[in-house]
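Here is a quick walk through the fold, written for someone who likes the cut-offs spelled out. Keep the viewer open as you read.

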Amino acid sequence: LLLEEQLAGAFRLDTITEVKKGARGGDAVQTVMTRSGQAAGVILWEAKRAQKWSHAWPAKLKEDMRAAGALAGVIVTTSFPSEWPESQAFGLHDDVWVTAPAAAIPMAAVLREGLIEAYKARLASANLHLELGELDQARTIALSLAGSPQQESSSQLLLGRIALKQDKPEDAVIAFARATKLDAKHGAAWAGLADAYLGLKD
């Protein structure tokens, strides 16, 4: 199976997008989704079938990660760096993950769980700051949620809630509307938009 087909079969909640041949950006983009349908982060995958490892691969993948807003990058390869231990199936090299094909799906499982836990922790922290009235701290976390449209939708949701706390319904409407445009299935954003419109009428 192709890498994207393996990922799609193993992680049915996630969105797996094939990068078209000749386009920049790896081979597959995995948007990790929580059970509630929120995007926790992006993993960028690059499959290599060359007989010899190239030291240029990690640098290129990191560049593609920045362009894709990916939080993790993985090179799936049958050839490894010369200093790589012979019995090692996967590991971190030059700030990207490197794995043999047989270990790709187990590695994906570990990476996605890490992204989900980190995402939940950031949201919990932002909501706590919001409840305590620490709006600057909540805003900082909201602005850090960049990457996929779903993540940016969560960012706009938080910014909308902050605007409501500040009694700025106009700003809240703009933020919630952006959130729904980025992710039409984001129920909390639609509810927030309704609250913001009610605030305009008061």
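Let's settle accessibility terms: buried means under 20% relative accessible area, exposed means over 50%, and partly exposed is in between, using a 1.4 Å probe and protein chains only. This is a predicted model, where local features need pLDDT of at least 70 and side-chain atom pairs count only at pLDDT 80 or more, while totals for chains, interfaces and linings use all residues. Residues are numbered from 1 along each chain as its sequence is written, and side-chain values use heavy atoms, with hydrogens and water left out.

Element names come from DSSP runs numbered from the N terminus: helices are H or I with at least four residues, strands are E with at least two.

Six strands make an open sheet with mixed pairing, in the order S1-S2-S3-S4-S6-S5; two strands count as paired if DSSP finds at least two bridges between them. S1 and S5 are the edge strands, each pairing on one side only. On average, neighbouring strands are turned by 25 degrees against each other, direction ignored. For these angles, axes are lines fitted to C-alpha atoms (for helices, over the stretch in contact), and angles run from 0 to 180 degrees between N-to-C directions.

Two helices meet the sheet. H3 packs on it, touching S2, S3, S4, S5 and S6, and its direction makes about 155 degrees with that of S3; contact here means heavy atoms within 4.5 Å. Helix H2 (residues 56-68) lies across S3, S4, S5 and S6 and runs at about 140 degrees to S4.

**Strand S2 and Gln30**

Why is S2 largely enclosed by the rest of the structure? Because six of its six residues are buried. Ala28, Gln30 and Val32 point one way, with Val29, Thr31 and Met33 pointing the other.

S2 runs antiparallel to strand S1 (residues 15-18), with four bridges joining them, and antiparallel to strand S3 (residues 39-48), with six bridges. Ala28 stands opposite Glu18 and has Trp45 as its bridge partner in S3. S2 and S3 form a hairpin with five residues between them, and Gly37 in the turn has a positive phi of about 85 degrees.

Gln30 sits in S2 (residues 28-33) and counts as buried because its relative accessible area is 0%. What does its side chain make polar contacts with? One partner is the side chain of Asp14, at 2.8 Å, and another is the side chain of Trp45, at 3.0 Å. A polar contact is a pair of N or O atoms within 3.5 Å; within protein, one must be able to donate a hydrogen and the other to accept it, and residues adjacent in sequence count only if both atoms are side-chain atoms.

**Cores**

The largest nonpolar core has 31 residues, and those with the most contacts inside it are Leu7, Ile43, Trp45 and Val74. Such a core is a set of buried Ala, Val, Leu, Ile, Met, Phe, Trp, Tyr and Cys residues joined through side-chain atoms within 4.5 Å. H3 supplies the largest share, ten residues. Apart from this core lies another, of 13 residues, among them Trp53, Leu61, Ala70 and Val98.
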